[in-house]
Amino acid sequence: MWNIPNILTSLRVFLVPVFVTVYFLDWQWAHQCAAFILFLAAVTDYLDGYLARKLGQMTPFGAFLDPVADKLIVAAALLLICHSYHDPIITIPAVILLLREIFISSLREWLGSRGLSATAKVSFVGKLKTTAQLMALVGIVSDLEVFMGFPIYWVTLGTGMLYVATILSVWSMVSYVRAAWPHLRSA
């Protein structure tokens, strides 16, 4: 059970309270440090899956914990940006992303309870959504528009990526529902 991919996934779960705590610290660079922690979590998300396949270390525990770890860190980041920005431009797509995650998790659980897990496999669009979402969240959480006097517009770019992630999220959700629809209708 404790192989390198599962340790990385467990690290991502451990990083959630660290990420939230650092975000709220009264430091000048607290948000940037939190964004770096979120970036590390995103890297472990890529690495754990890659290493599990490369090393042949895919386990049922890892298959369970990986999506849980993803949803925990993403949900925490979405809630933090809603709390910090109080802006419908950020809050509306963040809420859509959070609701989609809850809906798809419930759909997957329902399909799994009926032995239909293969119906809701992660798609390429879903992987693109995750990448766009994590890039957006790192940018927005960083709270940086200027660094050492140079404009970098990370929050602005992150907000744009948040909309890209939201569009991809809705697209992938529609794909999942279409794949599950025959099973939903027959139930």
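Predicted model: local features only at pLDDT ≥ 70, side-chain atom pairs only at ≥ 80, totals over all residues.

Let's begin with charge. Side chains of opposite charge can pair when their charged atoms come close. The structure has seven salt bridges, and these are some of them:

| Pair | Closest N to O |
|---|---|
| Asp70 and Arg12 | 2.9 Å |
| Glu101 and Arg100 | 3.2 Å |

Take Asp70 and Arg12, which form a salt bridge. Asp70 sits in helix H3 (residues 60-85) and Arg12 in helix H1 (residues 4-24), so the pair links distant parts of the chain, 58 residues apart. Arg12 is buried, at 1% relative accessible area. Asp70 has 19%, and because buried means under 20%, Asp70 counts as buried too.

Lys71 is partly exposed at 23% relative accessibility, whereas Glu101 is buried at 8%. Glu101 also forms a salt bridge with Arg100, and Arg100 is buried at 5% relative accessibility.

There's a network as well: salt bridges with shared partners join Arg12, Asp45, Asp48, Asp66 and Asp70.

Now for the tucked-away residue. Is Ser169 buried or exposed? Ser169 is buried, with 0% relative accessibility. Ser169 is part of helix H6 (residues 154-186). Leaving out residues up to four places away in sequence, Ser169 touches Leu97, Arg100 and Lys129.

Key
Residues numbered from 1 in each chain as written. Heavy atoms only, no water. Helix = DSSP H or I, 4+ residues; strand = E, 2+ residues; numbered from the N terminus. Buried < 20%, exposed > 50% of the residue type's maximum accessible area, 1.4 Å probe, protein only. Contact = heavy atoms within 4.5 Å. Salt bridge = Lys/Arg side-chain N within 4 Å of Asp/Glu carboxyl O.
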